[in-house]
Amino acid sequence: MPGTKMIFQLAYFSAVRPKLTDEDVRDILRSSTHNNRRCGLSGMLLLIDGVFFQVLEGEQAQVEETFVRISRDRRHSGLVRVVAEERAERSFPNWSMGFEKISHGDPAGEELPFDIADLSQNPAILSAGEKSPELLSFMRSLYAARNMRGAPGLNRPA
């Protein structure tokens, strides 16, 4: 649409560093929230059984710069970009960094559109891009279920 500013959305998977603690994740969320607010970014981070899936959205140069910084973080490895596209609107407009931690056996995990373990065992990890629309939809439903109040803490009751 002429005159309409599009939002750039980037999503990636990565493997969590072994022995990553809840305090490490809190540090990630604190710095992400601060940096994303400063840069005008929004997004959400899922931690699912040792795999991060993150969505960042905003002005493309800021999103790309943030992704480069994230890719240097030693708390995870094996980043695979699965979405990089322009959208008409943000999926997570009121969250500088939403968060959800889902472990195997959690009720929320039953709603996942696929088994995250399938991705980590798949030698063609790039096929994760095929799953990203379903995962983005799942993330938007989590966002809506929170009534945009913000993300829960790490140690939320199951």
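User: How many aromatic pairs turn up in the whole structure?
Analyst: A search of the whole predicted model finds three aromatic pairs.

User: Take Phe-92 and Trp-95, then: are their planes stacked or edge-to-face, and why?
Analyst: The ring centres of Phe-92 and Trp-95 are 6.4 Å apart and their planes meet at 5°, and because planes under 30 degrees apart count as stacked, this pair is stacked.

User: And are those two buried or exposed?
Analyst: Phe-92 is buried, with a relative accessible area of 0%, and Trp-95 is buried as well, with a relative accessible area of 4%; the cut-off for buried is under 20%.

User: Which residue lies over the face of Phe-67?
Analyst: That is Arg-81, which lies at 4.7 Å from the ring centre of Phe-67.

User: Changing topic, how much space lies in the largest pocket?
Analyst: The largest pocket holds about 260 Å³ of space, and its lining is made up of 17 residues.

User: Which of them lie nearest its centre?
Analyst: Nearest the centre of the largest pocket are Ile-28, Ser-32, Ile-70, Asp-73 and Arg-75.

User: Which elements give two or more residues to that lining?
Analyst: Those elements are α1 (22-39), β3 (51-58) and α2 (60-71), and the largest share, five residues, comes from α1.

Note on methods: Residues are numbered from 1 along each chain as its sequence is written. This is a predicted model: local features need pLDDT of at least 70, side-chain atom pairs count only at pLDDT 80 or more; totals for chains, interfaces and linings use all residues. Side-chain values use heavy atoms; hydrogens and water are left out. Rings of Phe, Tyr and Trp (its six-membered ring) pair if their centres lie within 6.5 Å; planes under 30 degrees apart count as stacked, over 60 as edge-to-face and the rest as tilted. Buried means under 20% relative accessible area, exposed over 50%, partly exposed in between (1.4 Å probe, protein chains only). A charge sits over a ring if NZ of Lys or CZ of Arg is within 6 Å of the ring centre and within 35 degrees of the ring normal. On a 1 Å grid over the protein atoms alone, a cavity is a set of points where a 1.4 Å probe fits but cannot get out, and a pocket is an open set with protein on both sides within 12 Å along at least five of seven lines; lining residues have an atom within 4 Å of a point. Grid points are joined across faces, edges and corners, and a volume is the space filled by probe spheres set on the points. Helices (H or I, at least four residues) and strands (E, at least two) are DSSP runs, numbered from the N terminus.
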